[in-house]
Amino acid sequence: MKDIRIALLDMNNNHVNQGFKNIKEISEAFQQSTEENVSIKTFDVRFKNEIPDIKDFDIFISSGGPGDPHKEGFEWEDKFAMFLDEIFEHNKYNDDKKYLFLICHSFQLASIHWELGNINKRKSYSFGVMPIHKTEEGEQEFLLKNLPDPFYGVDSRAYQFIEPDHDRFEELGMKIVAIEKFRPHINLERAIMAIRFSAEIFGTQFHPEANPAGMIENLKDEKNKEAMVENFGMEKYLETIDRIDDEDKIILTQAQILPRFLQFAKKNILKQIEVTA
């Protein structure tokens, strides 16, 4: 029986976070649903400078987190950049692939590291259940396959990825698969919401791990509530609260993207073992 080793990278810098709790729960549900031996280990990247050795794991999920995604001189920043390059380069030249999912802050760090475009601070904090649109390439993305267009995801961020460098995307073989909702009344560029970085590396600006209970918990933070009311008005805020547990919104997104990523990684890890056995 094969051991499947999962590393969870906590990027919350010792801040309490609902998202990381959800990532652990999704990973544990995967662990319990499979016949293989699945181990899960957590790394506190920003607070304790902990980074997994890619040789010791098969699957990596790197969480969202607070703060500026641009380098500020911390020790963990270079370690994380090296970690990204190690996985990307390893997968170019080796058959035993490493699978990486990057969420929100981690997504921004990777986009800056690989020089994919402009990651800057938004005029206001964005928080809420947002419609997200697939691009033409996103229509072919298997992680989004069972989601409608638009689908819904939880947004919680002070920064945004805009003005993508399409030549750089082409050079690295990366694809934009989802973008921000269309806002005809606001003359601002739509932000990038999901990228297929490689066959094994995927990232989202939104939080695919979010669930209604965590969203309600986050709205107890006055900053998040104010951000939603500012973005949508009180009527839309109340409507969102009323529909937060609709089966076709964040419950559907949570049930699809990360579980499908884990199943895809498992399938390919086991296939590679059969080839080399």
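Entry 1
I take buried to mean under 20% relative accessible area and exposed to mean over 50%, with partly exposed in between. I looked up Glu163 in this predicted model and found a relative accessibility of 45%, so I record Glu163 as partly exposed. I located Glu163 in the loop between β6 and α5. I also noted that its phi is positive, at about 50°, although Glu163 is not a glycine.

Entry 1. Overall form.
I counted eight helices and nine strands in the protein chain. I then checked the radius of gyration, which is 18 Å; the globule rule gives 19 Å for 277 residues, so the chain is as compact as a globular protein of that length. Along the principal axes, I find that the C-alpha atoms fill a box of roughly 60 × 40 × 40 Å. I note that 77% of the contacts with a separation of 6 or more join residues 24 or more positions apart.

Entry 2. Surface and charge.
I recorded an accessible surface of about 13,400 Å² for the protein chain, and 47% of it belongs to carbon and sulfur atoms. Of the 277 residues, 50% count as buried. I looked up the charges next: there are 35 positive and 50 negative ones, and their mean positions lie 1 Å apart.

Entry 3. Nonpolar cores.
Which residues touch the most other members of the largest nonpolar core? I found Phe80, Trp114 and Phe197, in a core of 33 residues. I listed the elements that give two or more residues to this core, among them β1 (3-10), α3 (75-93), β4 (99-103) and α4 (105-113). The list also includes β6 (151-162), α5 (166-172), β7 (175-180) and β8 (192-196). The largest share, six residues, comes from α3. I found another core apart from this one, with 31 residues, including Leu8, Ile23, Met193 and Leu258.

Entry 4. Surroundings of Phe197.
I set aside the neighbours of Phe197 within four places in sequence and looked up its remaining contacts.

Is Arg168 buried or exposed? I found a relative accessibility of 18%; the cut-off for buried is under 20%, so Arg168 counts as buried. I placed Arg168 in helix α5. Leaving aside its neighbours within four places in sequence, I find Arg168 in contact with Trp114, Glu115 and Leu116. From Arg168 to Glu50 I noted 30 Å, C-alpha to C-alpha, and 118 residues in sequence.
I then turned to Arg243, in the loop between α7 (222-242) and α8 (250-276). Its relative accessibility is 40%, so Arg243 counts as partly exposed. Arg243 and Asp78 are 42 Å apart in space, C-alpha to C-alpha, and 165 residues apart in sequence.

Entry 5. Backbone geometry.
Where is Pro150 found? I placed Pro150 in the loop between β5 (118-134) and β6. The peptide bond that leads from Asp149 to Pro150 is cis, and I recorded an omega near 5°.
Asn13 is found in the loop between β1 and α1 (18-33). With a relative accessible area of 28%, Asn13 is partly exposed.

Key
Residues numbered from 1 in each chain as written. Predicted model: local features only at pLDDT ≥ 70, side-chain atom pairs only at ≥ 80, totals over all residues. Heavy atoms only, no water. Helix = DSSP H or I, 4+ residues; strand = E, 2+ residues; numbered from the N terminus. Rg over C-alpha atoms; globule rule 2.2 N^0.38 Å. Buried < 20%, exposed > 50% of the residue type's maximum accessible area, 1.4 Å probe, protein only. Contact = heavy atoms within 4.5 Å. Areas by Shrake-Rupley, 256 points an atom, 1.4 Å probe, with all protein chains shown as cover. Lys, Arg positive; Asp, Glu negative; His and termini not counted. Charge placed at Lys NZ, Arg CZ, Asp CG, Glu CD. Core = buried A, V, L, I, M, F, W, Y, C linked by side-chain atoms within 4.5 Å.
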